[in-house]
Amino acid sequence: MKDISHELIERVKQASTDGTKLRIVGGGSKHFMGRQSEGEPLSLAEHSGIVSYEPIELVLTARAGTPLVEISAALAEHNQRLAFEPPLFNGRATLGGTLACHLSGPGRPWNGSVRDHVLGIRLINGRAEELRFGGQVMKNVAGYDVSRLQAGAMGTLGVISEVSLKVMPKPAATMTLKQKMNAAQAITEMNRLAGQAKPLTAACWFDNHLYLRLEGARSAVDSTVSQWQGTLLEDGNNLWTQLREQQLDYFSGQDAPLWRFSVNSNAGHFLPEEDWLLDWGGSQRWLRGDFAADELEALAERAGGQVSLYRGGDRLQDVFHTQPKALRQLHQRLKQAFDPSGIFNPGRLYRWM
């Protein structure tokens, strides 16, 4: 096998010397996220494969270009999984791209995000140095947490070449309950139920129905189902898979821009006349339609969070929430430290990066 890592380093070294901008590409499944990127493609598709997997230790290390379906298949052989439930995007999603875009599934508030599961990474910075941060054990807390800093950086701080992360056993039992109610009622109910010591691992609302997923020991799941109201959904697993993969009717067949709110889970329901899907127990809220970004930002801030233009719309403008001056300066200082020549994914995160 040829040394793809060495080839990546040499490519970055040449780009740094020439001032060539590089557009980092994995499986191409998340090209719609962020601003429209510039630069020559730097493909990590061949930089793939599981480096090590210790089922007993619940730790896996893989190269950044490894498709998530390959990782999921290896974990399934030992009845384990990626608990942060990343979307597979028709098998094209890769480990590095999932970390760079910080994507997690329906269980994120209960099981954690991809950032919470990362133990360490290898990163090629703008000086063509391959650096290692973190490790391969769950208690490694030495130094700055640069590994998790890559979550959501959209590849602007360097080329992630390898990722180590913790994995988890699959739950023994899974059931889904369905209740009819409006959005405001659902927000109140999701927050009420989330405060109970029950095996709740997902809660979402759409089409005037609340859906609750229970996972864990069979006895705990059965007991909760008998206590809570709702109809048992026979194809519950399919529902959560479609939500994770953004394949529900809400996400498809519409040309209108899709906005993603990250707010306090108990924030009141705003713009009730609009087209919504509420996930993560009310803390992640999807909105369809043409809106002015500054107006939505004001709503998000009043709800204790932020909003971004997730899909569609004008990708030449900034699509992530406007950052205050102090955070903007921090972002720029980090960019300067990791990528002094500004060659990685220029403008993908913000126009000023």
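Colleague: Which residues does R35 touch, not counting those up to four places away in sequence?

Modeller: This is a predicted model. R35 is found in the loop between β1 (22–25) and β2 (40–43). Leaving out residues up to four places away, R35 touches R315, L316, Q317, D318, V319, G347, R348, L349, Y350 and R351.

Colleague: Is R35 buried or exposed?

Modeller: The cut-off for buried is under 20% relative accessible area. R35 has 11% relative accessibility, so R35 counts as buried.

Colleague: Which backbone oxygen does the side chain of R35 reach at 2.6 Å?

Modeller: Two backbone oxygens come up here. That of Q317 lies 3.4 Å from a polar atom of the R35 side chain. The one reached at 2.6 Å belongs to L316.

Colleague: Which element gives the most to the lining of the largest pocket?

Modeller: The largest pocket has a volume of about 1200 Å³. Its lining counts 47 residues, with H102, A151, G152, R260 and F320 nearest the centre. Elements that each supply at least two lining residues include α9 (236–244), β14 (258–262) and α11 (325–338). The top contributor, with 5 residues, is β17.

Colleague: How many residues in the lining of the second largest pocket are polar?

Modeller: The second largest pocket holds about 500 Å³ of space. It is lined by 31 residues, and I24, V25, G26, N345 and R348 lie nearest its centre. The largest share, 4 residues, comes from α3. By class, the lining has 11 nonpolar and 5 charged residues, and the polar count is 15.

Colleague: How many residues apart in sequence are the parts that R213 and E85 tie together?

Modeller: The side chains of R213 and E85 meet in a salt bridge, 2.9 Å from N to O. R213 lies in strand β12 (residues 209–216) and E85 in the loop between β5 (80–81) and α3, so the separation in sequence of the parts they tie together is 128 residues.

Colleague: What is the relative accessibility of D339, whose side chain meets K335 in a salt bridge?

Modeller: The K335 to D339 salt bridge spans 2.7 Å, N to O. K335 is buried, with a relative accessible area of 8%. D339 also counts as buried, and its relative accessibility is 1%.

Colleague: Which residues do salt bridges that share partners join into one network?

Modeller: The structure holds 13 salt bridges. One of them pairs R213 with E85, and both residues are buried. Through shared partners, the network joins R81, E85, R213 and E215.

Notes:
Residues are numbered from 1 along each chain as its sequence is written. This is a predicted model: local features need pLDDT of at least 70, side-chain atom pairs count only at pLDDT 80 or more; totals for chains, interfaces and linings use all residues. Side-chain values use heavy atoms; hydrogens and water are left out. Buried means under 20% relative accessible area, exposed over 50%, partly exposed in between (1.4 Å probe, protein chains only). A polar contact is a pair of N or O atoms within 3.5 Å; within protein, one must be able to donate a hydrogen and the other to accept it, and residues adjacent in sequence count only if both atoms are side-chain atoms. Contact means heavy atoms within 4.5 Å. On a 1 Å grid over the protein atoms alone, a cavity is a set of points where a 1.4 Å probe fits but cannot get out, and a pocket is an open set with protein on both sides within 12 Å along at least five of seven lines; lining residues have an atom within 4 Å of a point. Grid points are joined across faces, edges and corners, and a volume is the space filled by probe spheres set on the points. Ala, Val, Leu, Ile, Met, Phe, Trp, Tyr, Cys and Pro count as nonpolar, Asp, Glu, Lys and Arg as charged, and the others, Gly among them, as polar. A salt bridge is a side-chain nitrogen of Lys or Arg within 4 Å of a carboxyl oxygen of Asp or Glu.
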